[in-house]
Amino acid sequence: MRLLQAGKSGTQGLTPVMGAVNAFHAVVHRLDAADGFADWDIIGDLPGGPRQLAFDWAPYASRFVLVVEPTSQSMLTGRRILRLVSARRSTSTALVVNKVAGRKDVERVESFFGTPALGTIPASEDVRRAEAIGVALLDFSPSSPAVEAIEALVERLLAR
Amino acid sequence: MKIVVAGKGGVGKTTIAGTLARLLARRGHSVLALDADSNPMLGISLGIGPEETDALVAVRQGLETGETEHARSTEGFVGRFGRDAPDAVRLVVASRIERPDPGCPCCGVSPERLLGELEGAGRIVIGDLEAGVGTLLRLRDGQADLVLLVVQPSAKSIEVARRAIEIVGSRLPLLVVANRVRDGSDFDMVQAVADGHEVVVVPEDSEIERADQDGQAPIDTAARSPGVRAIEELAALLARGYALPSTASPLAPMAPGPAPTPRVRQGLGPARLH
Ligand SMILES: Nc1ncnc2c1ncn2[C@@H]1O[C@H](COP(=O)(O)OP(=O)(O)OP(=O)(O)O)[C@@H](O)[C@H]1O
Ligand SMILES: [Mg+2]
């Protein structure tokens, strides 16, 4: 696995950050054409909200995974993002409901978007604890129900 | 007085900004809530509901579509594009990203420019910033008088807080809000990064979470819950003139003062969490 990370802002003002950001933008726009990555799977982790999609930060994506929590804020954000994604290109989108406490949560999100969820991930204390100490969930709690749910999601994504 | 609420994504900025705005308004202050997030959500925490929040025209987009015939000044934009929320809080959205290639977010009408041009004397302006440190990096003199840095006891949030504190430096007074604190060790984790800045605790509160699930303001559905009460203490602290150089009215324009003394307020510490 290789990790490619966008530049982090420091205290020297915006100029060096903008350089790093522009370089990163150029890199993601050439990932598709890079022979060395031709048989790789690329997973992009975007910041919350619509900003990066508006500026076309995921041109390499053939699948789009929309992660939504069963809250109004999260569903509104998901709707705003979907509008942007479909305005740019017709990437297929999979809905994933996270922090699910029960069937009602899933139904609420599914009915808001009018589409069934490809994956549902339970609200889990393991995730919170791993996050608190900054350890990957997979290392912290490999048999957590959340990990199982993400594994199932991977299977379904690969099956498509 | 102009307050900006900053921190990592999802730490509770909007919850705290919205609830604080309502509580300060109830104390008799004139409050302008500026949604400075390009994914604006502040309306929900202020209590106007998700669909109303989604329907609000942002100043920047309003200007671009030419809806400004009668409003040329920044205060005019507040009247033209803002709307009233409960407790007479005025809500205005700076900019909203809703189309591909929406133009450079820091050029033209940016949240920080609006913050700079809005009158801070005689009222309280609360800016709910976008996650991360981008806006803090761009902040210039006169755009804010106080930074409320919201921090959760998690490794990622602490890392963002460390960078935010470094960026703000001694330019502005900064108050740390330790949100979703469950116990003493959560509090210690946040205090360790606070670098001598005062820390106010808001406990983990399932009623706040539930309000957000339903798209409602915590202050309307859970006014007596521990989290909202802790934000009330924060409002009281600010209303007393926190970070003002003298005993001047908290509504007077604020000069960047010295860094606050390292001290945990009695009654706000982890002892009173539950
Ligand atoms: N003290 C608390 N106790 C329990 N839940 C909380 C608390 N504070 C915030 N939350 C919950 O955390 C979630 C994120 O809160 P909020 O939207 O205020 O964060 P934010 O920092 O504004 O996020 P963003 O970066 O996406 O704008 C919401 O579901 C909210 O209800
Ligand atoms: Mg927010």
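Modeller: Let's start with a term: a salt bridge is a side-chain nitrogen of Lys or Arg within 4 Å of a carboxyl oxygen of Asp or Glu. By that rule, six salt bridges cross the interface of chain B and chain A. One to look at is A:R51 with B:E130, where the closest N and O atoms are 2.5 Å apart.

Before we go on, keep in mind that this is a predicted model, where local features need pLDDT of at least 70, side-chain atom pairs count only at pLDDT 80 or more, and totals for chains, interfaces and linings use all residues. Residues are numbered from 1 along each chain as its sequence is written, chains are lettered from A and ligands numbered from 1 in the order in which they are written, and side-chain values use heavy atoms, with hydrogens and water left out.

Back to the interface. There are also 15 residue pairs in polar contact across it, both residues at pLDDT 80 or more. A polar contact is a pair of N or O atoms within 3.5 Å; within protein, one must be able to donate a hydrogen and the other to accept it, and residues adjacent in sequence count only if both atoms are side-chain atoms. On the chain B side, the elements giving two or more residues are α3 (50-55), α7 (134-138), α8 (155-168) and α10. Of these, α8(B) gives the most, with five residues. (Helices here are DSSP runs of H or I, at least four residues, and strands are runs of E, at least two, numbered from the N terminus.)

The chain B side divides into 14 nonpolar, eight polar and 14 charged residues. Nonpolar covers Ala, Val, Leu, Ile, Met, Phe, Trp, Tyr, Cys and Pro; charged covers Asp, Glu, Lys and Arg; the others, Gly among them, are polar. Counting contact as heavy atoms within 4.5 Å, chain B brings 36 residues and chain A brings 30. About 2,800 Å² is buried between them, with carbon and sulfur atoms giving 52%. Buried area is the accessible area (1.4 Å probe) that two parts lose on being put together, summed over both.

Now for the ligand: ligand 1 lies between chains A and B. It has 20 residues around it, and the closest are B:K13, B:T14, B:T15, B:D205 and B:D212; to count, a residue needs a heavy atom within 4 Å. That shell splits into five nonpolar, seven polar and eight charged residues. Chain A reaches in with A:Q73, whose polar side-chain atom sits 2.9 Å from a ligand oxygen. From chain B, a backbone N or O atom of B:G10 is 2.9 Å from an oxygen of ligand 1, and a side-chain N or O atom of B:K13 is 2.7 Å from one. Alone, ligand 1 exposes 640 Å², and the protein buries 88% of that, using Shrake-Rupley areas with a 1.4 Å probe. In chain B, α1 (13-26), β7 (174-181), β8 (199-203) and α10 (206-213) each give two or more residues to the shell.
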